Structure formats: structure tokens, C-alpha cells
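Subject: Structure handover and findings

Hello,

Here is the structure for your files. My notes on it follow below.

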Amino acid sequence: MARSPEGAQSVGTVIIAGVANLTIAAAKVVAGLLSGSAAVLSEAAHSFADTTTEILLFVALRRGSRPADEERPFGHGRESYVWAFLAAVFTFVGGGVFSVTQGVHAIQTDQRQDDNLIAYVVLLISFVAESVSLNRATRQIRQRARRFSVSPQQVVRRTPDTTVKAVFFEDSAALIGLVLAAAGVGLSELTGDPFWDGLASIMIGVLLLVVAVTLARSNLSLLIGRSAGPTTRNEIYQELAGVPTVERIDTLLTLQLGPDEILVAAKIDFADTANAAAIEAAADEAERRLIARNPAVRFVFLDPTGTRSPDRRDPGPD
């Protein structure tokens, strides 16, 4: 299966985010050790966790894009959600738990700081690097929003491309975490009380835990099985309804098989005058229309029926 343009963009987004995180993680470790700041060390753990996450997301994209075979006739798209779920779990454990623990330890031991200048410089450089990565993820989200004529916020909530969603959330959390770390270091330096540095570390950990839980829930819903978004379902319904000889769509079901793969199944009431040849031609026309409208549609199954099923009807967006 050839990778879609959006899939290729996601690979680039993940690679850029991974390189940025790995580079600044090393710098944060040095700054954290030299300054003795728990918040900066927490940010280092944050960046290392994000780097590992990007590696897992890259694996998700590669393995999820493998073509269908005899054992996996609908492809391997859902495997990408397994790896993305593992990435969220790693963020929870590797980043969130460590940061909270580091902050509590700093407060309890009254850990003092030294040489904060390097901490400020590294945090500033990290902010710039994370901004570049976030900008790319944001551009991809806006492109998808324009494609489906929805708001970027709706894309973030509903996109099946969990890789770009993960990068967006992680980079946003990284920028907030950098601000928290800088505030913690600054307040501790001004007051002479390391409590603020420890508190900043705890807040960074809580932020990571929230992001990890949010991403894990999103991936879990896709693993269980989720329909295409309301806008996409409406597009599919309109295209099917516009096919000649189609009188009524009794049931429309969609299933997100992967970031760029949608299965469509529908019970359709064709015109009474339509013979077998006309129905076959209409089915072919429906598949062509759906794929032309949305290349993510990979499988189309149409069942001619004359029985209305109101309890299973899915006419479009809620």
C-alpha cells in the first residue's frame, strides 16, 4: 500500500520532533546536573521520554503502512494504534512519574541550585527547537482541517492520525513545561527556596500524565474500533445517495482501519426497475465516487436491500 501524502507528512513530522527532542534532552541533562535544578532534570526526562515516543510512533507508521496479505486482508493499519498506545504509556511512566518523583525528592531534601545561567540558556534554546517541531505539526493539522472543512480543534479531537496528534500534544506540553521549569528556577533563585523548583518539577510531571492519559484513551478508542468522523460519513452518504438508481440508504457503517484507511459498508435500496447489471454498474460507480472523494476509503461493501432498518440507520453527522 502506497503511503498517502498525509502519511508521508506524518513521517516527516515524527522525524523532526524526534531529532529535536534528542538534541535538547542531552543539553537539559548537562544543564540540570550543573544547576542542580529538579525542574530542568525533569525536562530532560520529558525530552528523553518524547524521543522514545517518537521512535515508537515511527515504528507505528512503518508497520501500520504494510500492505494487506492473506492473514490480514484489511491491512495492518490498526497496528499503528498499538505502538502509539505504547508510546503514550511510556510518556506516562518515563516522563510523568519520574518528574513527579524528582520534584518531591527536591522539596524533601531542600536541594540547592547553582549556576542557573546555563539552565536559562538551555531552556531558551529548547523552547525555540520545540516551537519549530510544533509549527510543523500545527501546519499538518490545519491542512487536514481545510481538507474536511472543519476547525483545527475538531481535527485534534477526531483525527485518526495519532502520530501527528501525539506530536502536537507532546510539543505543546513541552513548551508549557519549559515555561514552568524557567519559572521554578527563577523563583527559587529569587527567594532562595528550592521549593519552587521542586513544585515546577511536579507540575511538569502532572502535565505529562494528563497528556499520556489523553493520548492513551484516543488510541484505545481506535483500537476497539471507531467510525470515520461525522464530516467524512456525511461525504460518503452524499456520494452514495447521488449514484443513479439509488433510492434510499437504509444503513451506512464506517470503520477506521488505520490513519489512512476507511471501510464502508452500506445497505442500499435500489430502484425497482434496476436489474442486476444496473445494480452492478451502480456499485462500481459508487466505489469510484467514494475513492475519488476520499482516497482513504479502501474497502466498499454494498448490500442491495428492500428492507428499511431504521434502528441501524447512519445518515451522516450527528
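A residue counts as buried under 20% relative accessible area, as exposed over 50%, and as partly exposed in between. Phe301 has a relative accessible area of 42%, so Phe301 is partly exposed. Please keep in mind that this is a predicted model.

Aromatic pairs

A search of the whole structure finds 4 aromatic pairs. One of them joins Phe74 and Phe301 edge-to-face. Their ring centres are 6.4 Å apart, with 90° between the planes. This pair links distant parts of the chain. Phe74 sits in the loop between helix 2 (38-64) and helix 3, while Phe301 belongs to strand 3 (residues 297-304). The two are 227 residues apart. Phe74 has 35% relative accessibility, so Phe74 also falls in the partly exposed class.

Phe168 and Phe169 form another pair. The centres are 6.0 Å apart and the planes stand at 90°, so this pair is edge-to-face. Phe168 is partly exposed at 21% relative accessibility. Phe169 is partly exposed too, with a relative accessible area of 21%. The cut-off for buried is under 20%, so neither residue qualifies as buried.

Which residues do ring pairs link into a cluster? They are Phe74, Phe299 and Phe301.

Salt bridges

The structure holds 9 salt bridges. Among them is the contact between Glu235 and Arg293, at 4.0 Å from N to O. Glu235 lies in helix 8 (residues 230-241) and Arg293 in helix 9 (residues 276-293), so this bridge ties together parts 58 residues apart in sequence. Glu235 is buried, with a relative accessible area of 10%. Arg293 is partly exposed at 37%.

Arg293 also forms a salt bridge with Glu239. Here the closest N and O atoms are 2.7 Å apart. Glu239 lies in helix 8 and Arg293 in helix 9, so the bridge ties together parts that are 54 residues apart in sequence. Glu239 has 16% relative accessibility and counts as buried.

What does Arg248 form a salt bridge with? The partner is Asp269, with the closest N and O atoms 3.2 Å apart. This pair links distant parts of the chain, 21 residues apart. Arg248 is in strand 1 (residues 246-258) and Asp269 in strand 2 (residues 261-270). Asp269 is buried, with a relative accessible area of 11%.

Nonpolar surface patch

Val89, Phe92, Val93, Val97 and Val213 make a nonpolar surface patch of about 360 Å². Which helix gives the largest share? Helix 3 (residues 79-108) does, with 4 residues. Val213 lies in helix 7 (residues 195-224). Patch residues need over 30% relative accessible area. Val213 is partly exposed at 40%, so Val213 passes that cut-off.

Val206 is also in helix 7. Val206 is partly exposed, with a relative accessible area of 43%. The C-alpha atoms of Val206 and Val97 are separated by 8.2 Å. Along the chain these two residues are 109 residues apart.

Best wishes

Key:
Residues are numbered from 1 along each chain as its sequence is written. This is a predicted model: local features need pLDDT of at least 70, side-chain atom pairs count only at pLDDT 80 or more; totals for chains, interfaces and linings use all residues. Side-chain values use heavy atoms; hydrogens and water are left out. Patches are made of residues with over 30% relative accessible area and no salt bridge: like charges are joined within 9 Å, nonpolar side chains (Val, Leu, Ile, Met, Phe, Trp, Tyr) within 5 Å. Accessible areas come from the Shrake-Rupley method with a 1.4 Å probe; for residues, only the protein chains shown count as cover. A salt bridge is a side-chain nitrogen of Lys or Arg within 4 Å of a carboxyl oxygen of Asp or Glu. Buried means under 20% relative accessible area, exposed over 50%, partly exposed in between (1.4 Å probe, protein chains only). Rings of Phe, Tyr and Trp (its six-membered ring) pair if their centres lie within 6.5 Å; planes under 30 degrees apart count as stacked, over 60 as edge-to-face and the rest as tilted.
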